Amino acid sequence: MLTHLSRLSLRTSLPLLLGLFALLFTLLQTTLYLPRSIDKELHAWRSHTNQLLVLLQSTLSDHLRHGRQAELETALADFASLQGIRWAMVADPQLRVLATTRLGLAPRQLGITAEQVQAQLASGHPSWLERAGQHYLAILPLDQAHQPSGESGEALLVDLDPRPLLSQIRLDAWRYLGQILALLLLLGLLLNHLHHHLIVRRLAHIDRASRRFAADQQPQSAAVDGHDEIGQLAETVSQMMGQLHERRQALQDSAQLMRELFDSSPVGMLVLDGRLRAQQVNPAAAALFGCAPEDLLGRRPRERLLKGDALKRLLRAPANTPVELTGLHQGRELPLEVTWTPFTRDGARRYLLLLRDIGERLQAEQRLRFLAHFDPLTHLANRHCLIQHLERLLAANAPLSLLFLDIDHFKRINDTLGHEVGDRLLVEIARRLTRLAPKQVLVARFGGDEFLLLLEERSAGQARKLAETLLHGFKAPLQIGQYECFVTPSIGIAGFDGQGSATELLKQADLALHAAKDAGRNRLAVYSHPLGEAAEHRLQLEQELRHALDQREFVLHYQAQVDEQGRPQVMEALLRWNSPRRGLVLPGEFIPVLEETGMIIATTRWVFREACRQARRWAEQGHPLRIAVNLSPLDFRQADLAGSLLGILAEEQLPPGLLELEITESALLDAGQEVQRALARLKAAGLPLLLDDFGTGYASLTYLQQFPFDGIKIDRQFVAGLPESEHSVALVRGILTMARHLGLHVVAEGVSNERQAAFLRRNGCPSLQGYYYHRPQTAAAIERGWSQDAPRSLLPQGH
């Protein structure tokens with residue numbers, strides 16, 4: 001039934017449902033309620049009538065005993081006036097009427113005989129006899145107790161007719177049913193009205209909005225008010241339409257984006273159907289084959305691929321796995337990388353093919369393979385290739401020799417003529433090496449201006465002979481454009497003696513190369529065990545020096561610079577290394593290592609800070625002596641040297657006038673604007689600047705002109721020949737004369753005897769320094785001398 005009702009509209013289904021409910025209610029009333037009501041009322045009427053009959057029986061029996069005829073008739077008349085009582089009479093056993101409520105009622109009209117009455121009276125109980133037409137005849141014995149045994153007394157006969165009562169009951173029931181149906185009709189009309197306004201009309205709005213949305217896919221407002229379930233449904237439908245519209249729009253945008261990506265993708269794309277015919281082709285795919293996209297539609301891509309089974313071979317490969325195929329681009333072979341991906345569209349299987357031109361990639365891979373084994377500039381074997389080849393030979397225990405070659409002063413050529421000329425020079429060097437070396441020799445560029453030659457099955461004598469050939473071969477200049485370049489190599493030789501790895505053999509050749517450079521360059525050197533031991537010693541020295549600063553193993557000794565009367569004016573700070581293993585180490589043994597490893601920069605800062613502290617302590621003790629600190633050439637390569645030193649001065653709170661800086665000529669060889677600015681800044685801060693080792697370089701006078709020096713130090717090699725050497729005398733006098741005219745302070749170092757000191761004093765040298773006056777001492781030793789005998793500390797130690 002619910003299924004049938006759901007096929008009807010709500011406007012029809014609700015009234016029909018209410019009508020069916022009224023019909024069902026009526027049927028239930030007529031079939032169940034009305035009969036039950038009649039039976040219930042009939043039962044109640046009989047119970048009530050029985051009670052009245054019992055009371056009347058008692059009353060009439062009493063009237064009969066006392067012979068009260070009038071009262072007997074009155075009682076019958078009152079009883080007969082009750083509803084449902086047609087008549088009542090008192091008769092004897094032979095049905096002779098003693099009293100009755102209906103006159104002229106003959107016994108034969110009673111429908112019962114005297115014998116039947118007597119039989120009912122014999123039971124001693126009231127009895128009801130049903131007659132036609134729902135009539136009842138009630139028979140009750142009267143005054144039975146005073147009758148002789150076995151005889152029947154008078155009887156009360158009552159004709160009972162409940163039909164008027166039942167008619168009234170039926171009438172009342174139908175009236176009730178009519179009222180209920182009328183009420184149901186009113187309620188149905190009211191419910192139908194409310195149902196229309198609260199449900200049907202609002203649902204119709206939602207339905208119309210949904211239909212409009214289905215027609216034009218534009219979100220519609222349901223225009224339903226309220227917060228009940230239908231209002232919530234309307235809001236939900238509106239949200240759903242909005243979301244569906246947004247999703248549809250997003251799908252359209254996504255589809256448009258996919259179409260644009262498909263068309264604009266630099267990767268070739270083809271969509272194939274189940275028969276492997278092209279359904280979609282992007283311009284990139286068409287460009288790969290040198291045709292228009294329309295030329296590929298409906299065709300199989302194998303027509304554009306070399307080898308007829310290329311497409312089948314592709315589809316036999318796992319999905320999303322690149323397969324290299326060869327395509328045709330206007331008759332020219334084109335290497336392709338093709339990947340296929342299956343997918344389903346409209347229930348049919350499709351394939352997406354991605355095509356990439358891998359020509360450039362193959363060339364790049366070939367280039368990478370070349371770069372992995374060859375130097376891109378010189379086309380010689382590179383370090384990796386040489387080491388691989390060397391390791392294979394060492395694994396086979398084959399005899400071999402290594403020549404490690406480095407171009408002398410190549411950096412100077414590179415910086416002077418430019419990197420482009422330097423690269424062309426390296427190419428020419430590689431060509432000359434290849435031409436001079438035997439064909440069996442592997443020539444490799446190890447990096448920069450370093451080359452390696454690997455000689456297989458060659459003895460040490462043959463390796464040495466080849467090295468000499470190379471040295472002789474590079475005497476001729478190399479022509480690079482308009483430049484004629486003279487280059488010389490330094491060569492280190494190492495041979496395999498059955499022990500060691502490739503790394504150790506390269507290390508031995510490198511040590512031999514450094515030995516050749518240390519010997520003056522443009523020569524060869526053969527590795528030997530003393531070279532290895534020296535390298536180990538050097539490595540150990542470097543490791544110990546790296547811990548020296550942290551462990552506070554460095555100390556400062558001070559050597560006085562005295563005036564003409566021998567009074568100390570300046571103390572030069574000299575670095576010493578108090579090594580726990582080596583003892584007190586002089587600077588000539590470790591300063592070069594500090595400079596080569598770059599540790600000199602941190603060391604100079606430490607020396608400068610310690611000198612600041614010592615100068616402050618002496619000034620506080622009443623000895624305001626200036627301390628001279630030497631700067632290394634490497635110090636000028638650090639960023640902001642002036643800022644670093646001035647920062648230390650500020651931290652130690654020392655006046656700049658209590659320090660002076662000594663700069664060697666080697667520090668100024670490649671001096672640029674940064675060095676000039678640093679020196680100018682230090683000079684402006686109040687730090688005196690002295691040019692150390694004056695006269696040993698080739699541009700000393702130029703430096704005096706370019707840089708703001710306050711003084712110079714005459715090198716000890718000029719002082720050593722005084723006064724015997726005429727050259728030394730002339731040079732020293734010239735330096736002193738020049739300094740006086742330039743207003744420069746002069747310090748002569750290395751004064752070791754009275755003759756030297758007397759000559760310098762006579763010629764007006766303002767400051768003298770050397771063992772003749774003071775040997776380098778610790779600050780504590782100097783202070784002890786002051787405390788013991790201040791005047792004697794001013795005299796030369798030789799006195």
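Helices here are DSSP runs of H or I at least four residues long, numbered from the N terminus. One of them, helix α14, spans residues 460–473, and Glu 468 and Arg 464 sit four residues apart in it, so about one helical turn separates the two. Keep in mind that you're looking at a predicted model. The mean pLDDT of the chain is 82, with 91% of its residues at 70 or more.

**How confident is the model?**

- Of the chain's elements, strand β26 (residues 767–769) comes out with the highest mean pLDDT, 96.
- At the other end is helix α1 (residues 2–6), whose mean pLDDT of 59 is the lowest among the elements.
- Residues 791–799 are a stretch to treat with care: pLDDT stays under 50 there. The model has 18 contacts beyond four places in sequence for that stretch.

**The nonpolar cores**

- As a bit of background, nonpolar side chains in soluble globular proteins tend to be buried together.
- In this model, the largest nonpolar core is made of 79 residues. Ile 627, Leu 659, Leu 661, Ile 663 and Leu 760 have the most contacts inside it.
- Helix α18 (residues 600–620) gives this core its largest share, with seven residues.
- There's also a second, separate core of 31 residues, and among its members are Leu 455, Leu 466, Ala 467 and Cys 485.
- Back in the largest core, Leu 661 is one of the residues with the most contacts.

**A buried threonine**

- Thr 49 belongs to helix α2, which covers residues 10–66.
- Is Thr 49 buried or exposed? Its relative accessible area is 5%, so Thr 49 is buried, the cut-off being under 20%.
- Beyond its neighbours within four places in sequence, Thr 49 is in contact with Trp 128 and Leu 160.

**Salt bridges**

- Side chains of opposite charge can pair when their charged atoms come close. Searching the whole structure turns up 31 salt bridges.
- Glu 468 and Arg 464, the helix α14 pair from the opening, form a salt bridge with an N to O distance of 3.8 Å. Glu 468 is partly exposed at 42% relative accessibility, and Arg 464 is partly exposed at 40%.
- Glu 662 and Lys 713 form another salt bridge, at 3.2 Å from N to O. This pair links distant parts of the chain, 51 residues apart: Glu 662 is in strand β22 (residues 659–664) and Lys 713 in strand β24 (residues 711–714).
- What is the relative accessible area of Glu 662? It's 0%, so Glu 662 counts as buried. Lys 713 is buried too, with a relative accessible area of 0%.
- A salt bridge also joins Glu 724 and Arg 755, at 3.1 Å from N to O. Here the partners are 31 residues apart, with Glu 724 in the loop between α22 (716–719) and α23 (726–742) and Arg 755 in helix α24 (residues 754–762).
- Glu 724 counts as exposed at 52% relative accessibility, while Arg 755, at 49%, counts as partly exposed. The two get different labels because exposed means over 50%.
- Finally, there's a network of salt bridges linking Arg 609, Glu 610, Arg 613, Arg 616, Glu 651 and Glu 652.

How values were computed:
Residues numbered from 1 in each chain as written. Predicted model: local features only at pLDDT ≥ 70, side-chain atom pairs only at ≥ 80, totals over all residues. Heavy atoms only, no water. pLDDT = per-residue confidence, 0-100. Contact = heavy atoms within 4.5 Å. Buried < 20%, exposed > 50% of the residue type's maximum accessible area, 1.4 Å probe, protein only. Core = buried A, V, L, I, M, F, W, Y, C linked by side-chain atoms within 4.5 Å. Salt bridge = Lys/Arg side-chain N within 4 Å of Asp/Glu carboxyl O.
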